[in-house]
Amino acid sequence: MEARKSLRFFVLSFFVTLFLVVTWVHLPSSLKEDSLDCTLSSTWCSSKNRIQSSTKPTNNLIKKPQQSSTTTTQHNHNSDVPHHPLDPLTVQEFNRIKAILAKHPLFESVSTYTLNTIALEEPEKDLVLKWKKGDPLPARKASVTAMVNRKSHVVTVALDTEEVSFHEVSSVISGYPTMAMEEMVGVLDVPLKSIEFNRTISQRGVNMADLACLPISSGWYDMPVEENRRLIKVQCYSKKDTVNFYMKPIEGLTVLVDMDRREVVSISDNGRDIPIAKGINTDYRYSVQKLNGDFRLFNPISLEQPKGPSFTVEEGHLVKWANWVFHLKADARAGVIISQVKVRDPDTSEVRSVMYKGFTSELFVPYMDPTDAWYFKTYMDAGEYGFGMQAMPLDPLNDCPRNAYYMDGVFAAADGTPYLQPNMICIFESYAGDIAWRHSECPITDITVTEVRPKVNLVVRMAAAVANYDYIIDWEFQTDGLIRAKVGLSGILMVKGTTYDHMNQVPNQEYLYGTLLSENVIGVIHDHYITYYLDMDIDGSDNSFMKVNIKKQETLPGESPRKSYLKAVRNVAKTEKDAQIKLKLYDPSEFHLINPSRKTRVGNPVGYKVVPGGTAASLLDPEDPPQKRAAFTNNQIWVTPYNKSEQWAGGLFVYQSQGDDTLQVWSNRDRPIENKDIVLWYTLGFHHIPCQEDYPIMPTVSSSFDLKPVNFFERNPILSLPPNFKDDLPVCKAYDSS
């Protein structure tokens, strides 16, 4: 019994931290900032954050513990009210929704039910676009997905009238709602009730007190056992002698659990001969690593702003910086949602529309091992687990610089009770010595000119820890009108146990499905795909997608000393299939979103273009069940007509979905998209063949794509940007405490 309590305590502690029901930021003294004394008097040369307020816990909101006022923003969310049509649900609204549903006959008639997701049901787009500050807000509604008596329900709750509307869940659409955190934690107790499981753990030489288990989404493989059952798999590790239990898998042991009945369906154990790795020197915590000696490679660096930051956050969610303004909020499924993005034209002072809404729609992470204990590891993190629910509190000075502003997320637990995810998003200005533009005239012209402008960007950041993997999601706004979406991957590899401790033991004909990283540990090859939803509204909603092919043109005999040159060939997509794009290095193109109704002074249609960065494409068979579910990765670019119900690339219900409600399905309808309200979808991809440098924790690897103005402005929009002058900048020196 004590061993079971120990595992239960670990499981609850791990997932409470992982999913942030209650969490806090702890800054080790070893990581605290060096004291600085600025010669220019300003509170911004101290470590104090600009917003500090006390909070009073109530029964209606699980509050974060008291935090140091020198590191994080504190805000009393119990009194929040919405100011904008897109503002997220407030604590008071969550509590009201919970009460309304509890009185409804469907929920009142059962002893238990699960509210898997509760989020704002955003007003119709035309209402939001017409709304002006000072106008009454459109009626507030909540969209709810719920599991009642093992059936999925989609519900709309009207907060003003308390009306509850049920939407038919089509029989042709498969899958289940996003798992609630309580469901994931709850299934981890189920294996402990199995005599076979407990005997297996004992035979593997693992003490129950050292047992750490994870709930792993099971995917869908058209097997009889999956019929009308919501299934999940549980795999376990040993946390003996290290916090990094991922490096000590109990290989081959998989428990299949019926999530609703809370019972073991089957136990598979194909790894009895595989030892558990020792996990020596896998603890990555600084408190442990510093025992090996100081490893400081550089002096402390900090960005100082003697006049304060250049951005403001109004009424909780409206961000204004330089020539940009946009709405920002946390979301349990998407993580971060950017809305109504506008940029000020320097020539006309007009605030012009660029994007109505942008967010990470879905992630797909397939592992490339078809064996029994691994084939099902093909995660879809947003739709199965909730990307925002896995967001961790950002660590001041390390995740974000000390000039950052922090924003909390407020979400709902499985019974509808609101809870806080503190410091989920940070906003900060970034300057790393980059150059916005420059020119020096060469000496042969006899003109002395050197003009250089510094590049300062605004960054919106979230970090989600999806069990072992950490995703750093950045939205970066630049003064020249460019928006960069960036993804950083870090955290810990999901590894496979093996009998081998050196490559010279591996027979030539045996394939390991990965790389031997350390004794008895293989890092399995896998991919990451992050698909973005980008509702671009370039100077209005009616836009077109134009593919600009770059073609080799050969010159005619005698036409030129040149034999060839490059030619831009423009083609406007008429329907969705025209805009299904696979990137090709030797068939290059640019991809423009244009407004054909608005042109520049010289007659070019205004627009933005998507500029791919380093990316990867899925190589899986299109009929492979994981790829059918993740068919949104079949292309890197898609364009669809705006449809409020088509926001999640893997479908509304992703868990155990069969691929019948994906972006691929919608796009194959081949609807008209020319001069329409259209949505651009872009997938950023990574192939990951693990290497020893990824062990025991991975250095961050990043990739990105850009949304760049193309004939949107009449000229360089930062032509008049001033340079830095010495007297404008602070001069800081190390504080001498003596």
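**Entry 1: ground rules**

Contact, as I use the word here, means heavy atoms within 4.5 Å. I'm working on a predicted model, where local features need pLDDT of at least 70 and side-chain atom pairs count only at pLDDT 80 or more, while totals for chains, interfaces and linings use all residues. Residues are numbered from 1 along each chain as its sequence is written, and side-chain values use heavy atoms, with hydrogens and water left out.

**Entry 2: the whole chain**

I started with the overall count, and the chain has 10 helices and 34 strands. My helices (H or I, at least four residues) and strands (E, at least two) are DSSP runs, numbered from the N terminus. Next I checked burial, where buried means under 20% relative accessible area, exposed over 50%, and partly exposed in between (1.4 Å probe, protein chains only). Of the 738 residues in the chain, 53% count as buried. I also looked at contacts with a separation of 6 or more: 69% of them are between residues 24 or more positions apart.

**Entry 3: Thr90**

Where does Thr90 sit? I found Thr90 in the loop between strand 1 (36–38) and helix 2 (91–103). Thr90 counts as buried because its relative accessibility is 8%. Leaving out residues up to four places away in sequence, Thr90 touches Asp80, Val81 and Pro82.

I followed an open sheet of four strands, in the order 2-3-4-5, with antiparallel pairing. (Two strands pair if DSSP finds at least two bridges between them.) Strand 2 (114–120) and strand 5 (164–167) stand at the edges; each has a single partner strand, so one side of each has no neighbour in the sheet. From one strand to the next, the twist averages 25°. For angles like this, the axes are lines fitted to C-alpha atoms (for helices, over the stretch in contact), and angles run from 0 to 180 degrees between N-to-C directions.

I zoomed in on strand 4 (residues 151–158), which pairs with strand 5 in the antiparallel sense over four bridges. Val155 stands opposite Phe166 in strand 5. Helix 2 lies across strand 2, strand 3 (141–148), strand 4 and strand 5, and runs at about 120° to strand 4.

**Entry 4: cysteines**

How many disulfides does a search of the whole structure find? It finds two, where a disulfide is a pair of cysteine sulfur atoms within 2.5 Å.

One of them joins Cys213 to Cys236, at 2.1 Å from S to S. The torsion about that S-S bond is about 100°, so the disulfide of Cys213 and Cys236 is right-handed. This pair links distant parts of the chain, with Cys213 in strand 6 (residues 211–217) and Cys236 in strand 7 (residues 231–238), 23 residues apart. I checked burial too: Cys213 is buried at 3%, and Cys236 is buried at 3%.

Cys400 and Cys426 are also joined by a disulfide, at 2.2 Å from S to S. Their link is left-handed, with -90° about the S-S bond. Distant parts of the chain are linked again: Cys400 is in the loop between helix 8 (381–384) and strand 16 (405–412), and Cys426 is in strand 17 (residues 418–430), 26 residues apart. Cys400 is buried at 2% and Cys426 is buried at 0%.

I looked up two other cysteines: Cys442 is partly exposed at 33%, and Cys691 is partly exposed at 30%.

**Entry 5: helix 6**

Which residues of helix 6 (residues 195–203) are buried? I noted Phe197, Thr200 and Ile201. Looking down the axis of helix 6, I see these fall within an arc of 100° (taken from the directions from the helix axis to the C-beta atoms), so they line one face of the helix. On the other side of helix 6, Ile195, Ser202 and Gln203 are exposed. The cover over the buried residues of helix 6 includes strand 6, strand 7, strand 8 (253–258) and strand 9 (263–269).

Then I checked the ends. Ser194 caps the N-terminal end of helix 6, with a side-chain oxygen 3.3 Å from the backbone nitrogen of Glu196. Gly205 follows helix 6 and has a positive phi, near 80°.

**Entry 6: Gln478**

I ended on Gln478, which lies in strand 21 (residues 469–478). Is Gln478 buried or exposed? Gln478 counts as buried, because its relative accessibility is 3%. Its side chain makes a polar contact with the side chain of Lys455 (3.2 Å), and another polar contact, of 3.0 Å, joins the side chains of Gln478 and Glu476. A polar contact is a pair of N or O atoms within 3.5 Å; within protein, one must be able to donate a hydrogen and the other to accept it, and residues adjacent in sequence count only if both atoms are side-chain atoms. Not counting residues up to four places away in sequence, Gln478 touches Trp321, Trp324, Lys455, Asn457 and Arg484.
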